[in-house]
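Here are my notes for a colleague who is meeting this structure for the first time. Please read them with the sequence and the model at hand.

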Amino acid sequence: MQGPTTSRTGGAEHEGAEHEGAAHGGEGVRGPGPLIVTEDVALLDDLLRLCAAAGVEPQVHHRVPERRASWTDPPLVLVGEDAAARCRGATRRPGVALVGRGQDDPAAWRLAVEIGADSVLRLPGAESLLVDRIADAAEGADRTALTVGVVGGRGGAGASTLACGLALAAARTGRRTLLVDGDPLGGGLDVLLGAEREKGRRWGDFAASKGRLAGGALEESLPAARGVRVLSWGREPTGAVPPEAVRSVLAAARRRGGVVVVDLPRAVDEAGAEALAQLDLGLLVVPGELRAVAAAHRITGTLSMIVRDLRAVVRGPYAAGLDERWIAEALRLPLAGELPYDPGIVPDQEAGTPPGAEPRGPLGRFCAAFWDRALPAGGAA
């Protein structure tokens, strides 16, 4: 490999230097930016502009860097078509894109194969896609969060209690965990979690959000308690959060990886539908009584149309003749599990202990067993 002749960042040139700093975007510090390999001044200006839009600062070289780590370590490598020949023979690595300008050129795919690129991007058409890819790479978004929503089959079914317990159990596995309060009339999950006095942003601060949010900045801006970040509602009245804001916030949260747990209201408005569409798995909490089954049945059809995987969590005690399997079959839903009666939840909450904080309690054990089945093995995410 040949050494660099020029490293250019932000429009300034630094002879013989390698600039590898992280950028401070408009919403916080991101990880390292991509490596750009090109001598095409017009293309370089475009790529620098797109990196700035993604909030990152790239390294720039005219050819493959002499130092191996400068080629292998960046989260993304953008090779200009003019530099493709100079990149032949470079160490094969994931995350290489061949970038050109103008109309599609069939020869570009041959060049991409020769340098091990996984995609060919043409500007200006692919600008939006490339900004997202640059930002995703800088945030380390290689695997989206497992996102689980919890909905009560009737009022007071215990959905918020289960959501809180699931978030605490996920955090105990060492995974990045975000608990999202999707019910503006629910009293505040930050209160349930014991984080109501913690400083941080609430839903009202994101009401005007559109487009892409930085996942890392979102996470760092939220209150935290017991290893869980929580997005809840403020104590002051807040207007409805638009669906666009819900989409932006949840998409940013999912890109951070780990686990996202969303507590949702039974009434589905446009913002609620947007949240439901982001779920990997929905849990409908149904108490063991006929009226609760009837109430749950009324919303199951709506939820099933939006949530790709909806399951029932049945909570005892049961009315005569009912059990968890009968209730799940009556709702025509797979059974995710039986949530045991936990007499300690109310006294614990009165003492300031969140539901599920005790891992050996009934709720804690249920939630731990749920994540054992749902989460991939392999430690923290």
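1. In this predicted model, 8 strands form an open sheet in the order β12-β13-β11-β14-β10-β15-β16-β17, and the pairing is mixed. The edge strands are β12 (224-225) and β17 (335-339), each of which pairs on one side only. Strands, taken as DSSP runs of E with at least two residues, and helices, taken as runs of H or I with at least four, are numbered from the N terminus, and two strands pair if DSSP finds at least two bridges between them.

2. On sources: residues are numbered from 1 along each chain as its sequence is written. As the model is predicted, local features need pLDDT of at least 70 and side-chain atom pairs count only at pLDDT 80 or more, while totals for chains, interfaces and linings use all residues; side-chain values use heavy atoms, with hydrogens and water left out.

3. Strand β10 (residues 146-152) has 6 of its 7 residues buried, so it is largely enclosed by the rest of the structure; buried means under 20% relative accessible area, with exposed over 50% and partly exposed in between (1.4 Å probe, protein chains only). To strand β14 (residues 259-264), β10 is joined by 6 bridges, and the two run parallel; Val150 has Asp263 as its bridge partner there. To strand β15 (residues 281-287), β10 is joined by 5 bridges, again in parallel, and Val151 is partnered by Leu284.

4. The axes of helix α1 (residues 41-54) and helix α4 (residues 127-139) come within 9 Å and cross at roughly 55 degrees, the axes being lines fitted to C-alpha atoms, for helices over the stretch in contact, with angles from 0 to 180 degrees between N-to-C directions. The two helices are therefore oblique to each other, a class left over once angles under 35 degrees count as roughly parallel, over 145 as roughly antiparallel and 65 to 115 as roughly perpendicular.

5. Pro354 lies in the loop between α12 (345-350) and α13 (362-374), and Pro354 is buried, with a relative accessible area of 2%. Leaving aside neighbours within four places in sequence, Pro354 is in contact (heavy atoms within 4.5 Å) with Cys164, Leu168, Leu192, Leu193 and Arg226. The C-alpha atoms of Pro354 and Arg226 are separated by 9.6 Å, although these residues are 128 residues apart along the chain.
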